[in-house]
Every structure is written in structure tokens, then in C-alpha cells.
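Below is a short report on one structure. Have the chains open as you read.

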Amino acid sequence: MFRSGLARSASFARNLAVPNNCKCIAGVRFMSKHSTESDVEFDARYESFFNRKDIDGWECRKAMNDLSGMDLVPEPRIVIAALNACRRLNDIALAIRFLETVKDKCGGKAEIFPYILQEIRPTLNQLGLSTPEELGYDKPELALKSVYDL
Amino acid sequence: CIRPLILEAIRHLQLCRRKANVIKLSYYLFELGMANNLVRCAAQQTKARITPVISQIRTAHDHAHEHHAVGDPVKIVIGNREIVGFGMNGQPNYIDRVDFPLPAIRYKEVTPDIQVLKEKEKGDWSKLTIEEKKALYRASFCQTFAEMKAPTGEWKSLLGFTLIGCSFAMWIYIWMKKFVYAPLPDTFTPEKQQAQLERMLNMQIGPIEGLASKYDYEKGRWKE
């Protein structure tokens, strides 16, 4: 009974700590927005989060939405880990959407996304993923009537 | 007949304790199950000792949800769509935003042909054709990023309406000048203005830095 209680509290604690599930909390406090976490630690945290074997759609989407809200372009290792997570979730639409997100985060600078594409190309080939350009989604395909014109 | 449902709901809640919104969803499902179960129980039970309890619970339930008689409110709104995430605010809604790319529900409802594609999605993705990948994307999302960010051309109508407004304002001024304002006094004629200027020079108005300082009184003409 004690062991099952311990196991349950451990899994509960693990669930509470999502996505901050590295052993030492690397300076991310909830008081001010000045984080003492370094870039490498940040990358490692998100990469290990996406690489969790038991990740599910909710957590994956939560992490991707958080990344798209931050003022950064995700490192290729984070992108690769996220695409592998999509593969485990059997959700190709999520993977393509995430690639579109990364491209959008690169902003107007034209040299960032080709670099990321080049780094993740082996993963794309291995998973059989198409980039949005290959699907023809770099240009608008369908038009949506504005709600103000209905 | 109520007890197994309660146990099942508790088990469901335990499995989903990480996700606050699924708890909310399971509460709705629990209530739905409760409502269905109570209807069945009320129909079947004839024993006097149970009926008062059921009727008490039922009135409490009905009192809590007077505005809909049957049906899970979430399912009424979203239909057959799969809830896949927390979304922006925890509600099962869909929105296309470039800064929040993954909404809480898939865009399209689950239909048999989409189900076929989803089964194929579980296999190797390189076996999917381009059309199938596009169909799977459109099943989950309404607009692509390119479509979200595409220019609408709204600026043309804005500029047009603004200029129409400006020209209308000018027409109003013309009408005011013609029909509202009194005519200018006769001191505005060129001869009278000339006479006023001569008088100002005679009075030496602005002798240091103003009008008279620019007039050469010895030579009787303006300074160079």
C-alpha cells in the first residue's frame, strides 16, 4: 500500500512538473521574467520534453504553442524532437503545422529557415514528411470569406 | 444503477487528473450519463424507497441545468470533432492564429473517408500521397499560414472611403461659402488693402523687426 502510494505520488509529481522534468530546476522562477536558464539548458529541456516516449497530443500541442509564443526560432534539435513526437502521435497535420510555425517564427529574414530545413532534412526524409512548400502551402490555396462579408 | 456510473466516472477522473479540461469534459459526460441513467432508473424503478431519492437528485440536476433538457453542451457545439488540446482558454473552440497555431479541436468532423486516411496515417508517412497529406492537414486545420497571412486588399476600400469622405467635406465647405457665410467686407478689395498698407507704413508699424523695418524711408521703397 505504501509502495503504491509512493508510486502514485511520484507520478503525480512528475505530471505536476511537466514540462520542467529535468532533475534540477535550472533557474526558471515564476516571479520575474528574467530567467537564469541558459540557451543550452532551454534547448535541452524542450528537446527532452518532446523526446518523452509517453508524450500525448495535449502536451505536444502545449509545448508547440508555447514555443510559438516565445521570441525565438526553435533550434533544429527541438524541431527534430517535435517531429519525432508527431510521428509517435501519428499526426502528420500537426507536424506540417509545426513546420509552418517554425518558418513563421523566422520572420522576414530569409536565411534562417533554409538553415533549419537543411538541418532537419534527414529527419524529414526518414519520416516521409513533406514541407509546406512541397505540398503547395507556401501560397494560399483556398480563400475564406470574412465573417464581416457573410 | 447509479453506483457503477459513479465509479466509472471516478476512474475516468483519476486517469485524466493531469488535464483540467478533460476533467471538465468528464464532468459533462458524467452529468450526461447521470441524466440518461436517471431517466432509465425512473422508468424502471417502481420501489417506493428508491424513487424519492431519484426524484430528489433529478430535481437538483434539472435545477442546475434548466436551459437544456438533454445533450452534452460541448458536443452540441462541436459535434463530432475531436478535442486535441487545451486551446487558448480551455474551451473547445477552433481559431486560426499565427501566434497560437494549434487550437483545441480539429477543424473537420470525423467522417468515414477521413477515418480511412487516419488509419493510413498510422503507417509510413512516405506512403501517403501529396493529396492525402493535404486532406489530413485540412481535416485538422481550416487555413494554412499562407492563407492566414495573405493580404486582404482591405486598404484599397479604406483609402477609397477616406477620400470620398474628404471630397464630401470639401463639397460641404463650398456650400457653406455659397449659402451660409456673409460676403467679405469691402476692406478686402485690392485698393483698400493698398491704402491700409500705406497707412501702416506711415504709422511705422513694426519699426525694428516688422513691416516698417523692411521699408527704406529715405529712398521711399522697399529694402533689398
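Which residues of H6(B) are buried? They are B:Glu132, B:Lys133, B:Lys134, B:Leu136, B:Tyr137, B:Arg138, B:Ala139 and B:Ser140. Buried means under 20% relative accessible area, exposed over 50%, and partly exposed in between, with a 1.4 Å probe and protein chains only.

## Basis of the model

This is a predicted model, in which local features need pLDDT of at least 70, side-chain atom pairs count only at pLDDT 80 or more, and totals for chains, interfaces and linings use all residues. Residues are numbered from 1 along each chain as its sequence is written, chains are lettered from A and ligands numbered from 1 in the order in which they are written, and side-chain values use heavy atoms, with hydrogens and water left out.

## The two chains

Chain A has seven helices and zero strands. Helices (H or I, at least four residues) and strands (E, at least two) are DSSP runs, numbered from the N terminus.

Of the 150 residues in chain A, 40% are buried. For the 224 residues of chain B the figure is 27%. Chain A exposes about 8,800 Å², with 58% from carbon and sulfur atoms. Chain B exposes about 15,900 Å², with 62% from carbon and sulfur atoms. Areas come from the Shrake-Rupley method with a 1.4 Å probe; for residues, only the protein chains shown count as cover.

Contact means heavy atoms within 4.5 Å. In chain A, residues 24 or more positions apart account for 63% of the contacts with a separation of 6 or more. In chain B, 41% of contacts between residues at least 6 apart join residues at least 24 apart.

## Helices H5 and H6 of chain B

H6(B) is mostly covered, with eight of its eleven residues buried. Its cover includes H5 and helix H7 (132–135) of chain A, together with H5 and helix H7 (145–149) of chain B. B:Ser140 belongs to this helix and is buried at a relative accessible area of 3%. Beyond its neighbours within four places in sequence, B:Ser140 contacts A:Asp91, A:Ala93, B:Tyr94, B:Ile105, B:Arg106 and B:Tyr107.

Helix H5 (residues 112–121) of chain B buries B:Ile114, B:Leu117, B:Lys118 and B:Glu121. These buried residues fall within an arc of 100° seen down the axis, so they line one face of the helix. The arc is that of the directions from the helix axis to the C-beta atoms. An α-helix has 3.6 residues a turn, so residues three or four places apart point the same way. The face turned away carries the exposed residues B:Pro112, B:Asp113 and B:Val116. The buried residues pack against helix H4 (76–89) and helix H5 (92–105) of chain A, together with helix H6 (130–140) of chain B.

## Salt bridges between the chains

The whole structure holds 22 salt bridges over all chains. A salt bridge is a side-chain nitrogen of Lys or Arg within 4 Å of a carboxyl oxygen of Asp or Glu. B:Arg106 pairs with A:Asp91 at 3.2 Å, N to O. B:Arg106 lies in the loop between helix H4 (73–78) and H5 of chain B, and A:Asp91 in the loop between H4 and H5 of chain A, so the pair joins two chains. B:Arg106 is buried at 9%; A:Asp91 is buried at 4%.

B:Asp96 bridges to A:Arg97, with the closest N and O atoms 3.0 Å apart. This pair runs from the loop between H4 and H5 of chain B to helix H5 of chain A. B:Asp96 counts as buried at 18%, and A:Arg97 is buried at 0%. A:Asp104 and B:Lys149 meet at 2.2 Å, N to O. Their pair crosses from helix H5 of chain A to helix H7 of chain B. Salt bridges that share partners join A:Arg61, A:Asp91, B:Glu82 and B:Arg106 into one network.

## Helix H8 of chain B

B:Trp171 lies in helix H8 (residues 154–179) of chain B and counts as exposed at 60% relative accessibility. The unreviewed UniProt entry annotates residues 158–176 of chain B as "transmembrane region". UniProt positions are given in the numbering used here, feature names are shortened, and annotations may be inferred rather than shown by experiment. Over residues 158–176 the chain is 100% helix and 0% strand, with the end C-alpha atoms 27 Å apart.
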